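Hi,

Here is the structure I said I would pass on to you.

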Amino acid sequence: MFELLNTNIPHFIPWQQTVGVMEMVVKGLIIGIVASAPMGPVGVLCIQRTLNKGRWYGFSTGCGATLSDIIYAIITGYGLSFVVDYIEDPHVIFWLKLIGSVLLFIFGIFTFRSNPVQSVRTVSRNKGNLVHNFITGFAVTVSNPAIIFLFVAMFSQFTFIIPDNWLPQIVGYIFIIGGALLWWFLLTWLIDKVRNKFEERGLWVINRVIGIIVMIVSAFMAIWTLSGNSIPAFY
């Protein structure tokens, strides 16, 4: 079996060397959405504020979470850049992708099994201001550095760290922000539209759907990696 894997590994080499801006746009969007989507404490807080205060108060909470996410994403990328020589090795790329898929699958299981309703707490109807909501969204998210492990898994699977290719790399980080903001914008829009019908069980359903999607995608990526391929490029 290892001989078969070694035969497939060289297919990663030309793909990694020709990563373009458009490909990093797609990767950044996906990473930003996946990092934001699970209904953790900040997701629950965002929904509660949307229901109790209004859509833009919920969205500003998500924006604060986005700032925390991009800080941890940059820290993760900076840390991985120290082992850039290993990242360029096609054998290391192969195993990083495979391990990244496994970690994402475990993350999907954790998301599926978690119950966000337990994070529900009383939210004051005092609107305060958008800055306050932004700051609290940031504080709740930045207090959970475990998200670094999620970024390590996704950066590994998507070969997000591109040595000596700064323009696509910067674009990738920008679109991690874009993906996260897109998620919070759509989530608050949806909750605002169904505010009269939304129940706490909806949090549990959203989390289960997200967990299933992550597990399916990570399983597909693992099979794709074992076949000697990589995420299709966009040029």
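**The salt bridge**

There is one salt bridge in the structure. Keep in mind while reading that this is a predicted model. The pair is Lys 27 and Glu 23, with their closest N and O atoms 3.7 Å apart. That makes it a salt bridge because the nitrogen is within 4 Å of a carboxyl oxygen. Both residues sit in helix H3, four residues apart, or about one turn of the helix. Buried or exposed, these two? Lys 27 is buried, and Glu 23 is too.

**The nonpolar core**

Next, the core. The largest nonpolar core counts 40 residues, and Phe 151 and Phe 155 are the ones with the most contacts inside it. Helices H3 (21–36), H4, H5 (55–81), H7 (90–113), H9 (147–157), H10 (166–193) and H11 each put in at least two residues. H5 gives the largest share, seven residues. On the general side, nonpolar side chains tend to be buried together in soluble globular proteins.

Setting aside residues up to four places away in sequence, Phe 151 touches Ile 31, Ala 35, Asp 69, Tyr 72, Ala 73 and Thr 76.

**Two buried threonines**

Thr 50 belongs to helix H4 (residues 41–52). Its relative accessibility is 0%, so Thr 50 counts as buried. A polar atom of the Thr 50 side chain lies 2.8 Å from the backbone oxygen of Cys 46. Not counting residues up to four places away in sequence, Thr 50 touches Arg 55, Gly 58, Thr 188, Ile 191, Asp 192 and Arg 195.

Thr 61 is in helix H5. Thr 61 counts as buried because its relative accessibility is 0%. Leaving out neighbours within four places in sequence, the contacts of Thr 61 are Val 42, Leu 45, Cys 46, Arg 49, Asn 133 and Gly 137.

**Helix H11**

Last one: H11 covers residues 201–226, which is 26 residues. From first C-alpha to last, H11 reaches 38 Å, close to the 38 Å expected at 1.5 Å a residue. Which residues of H11 are buried? They are Leu 203, Ile 206, Asn 207, Ile 210, Gly 211, Val 214, Met 215, Ser 218, Met 221, Ala 222 and Thr 225.

Cheers

How values were computed:
Residues numbered from 1 in each chain as written. Predicted model: local features only at pLDDT ≥ 70, side-chain atom pairs only at ≥ 80, totals over all residues. Heavy atoms only, no water. Buried < 20%, exposed > 50% of the residue type's maximum accessible area, 1.4 Å probe, protein only. Polar contact = N/O pair within 3.5 Å; in protein donor to acceptor, adjacent residues only side chain to side chain. Contact = heavy atoms within 4.5 Å. Expected span 1.5 Å × (residues − 1). Core = buried A, V, L, I, M, F, W, Y, C linked by side-chain atoms within 4.5 Å. Salt bridge = Lys/Arg side-chain N within 4 Å of Asp/Glu carboxyl O.
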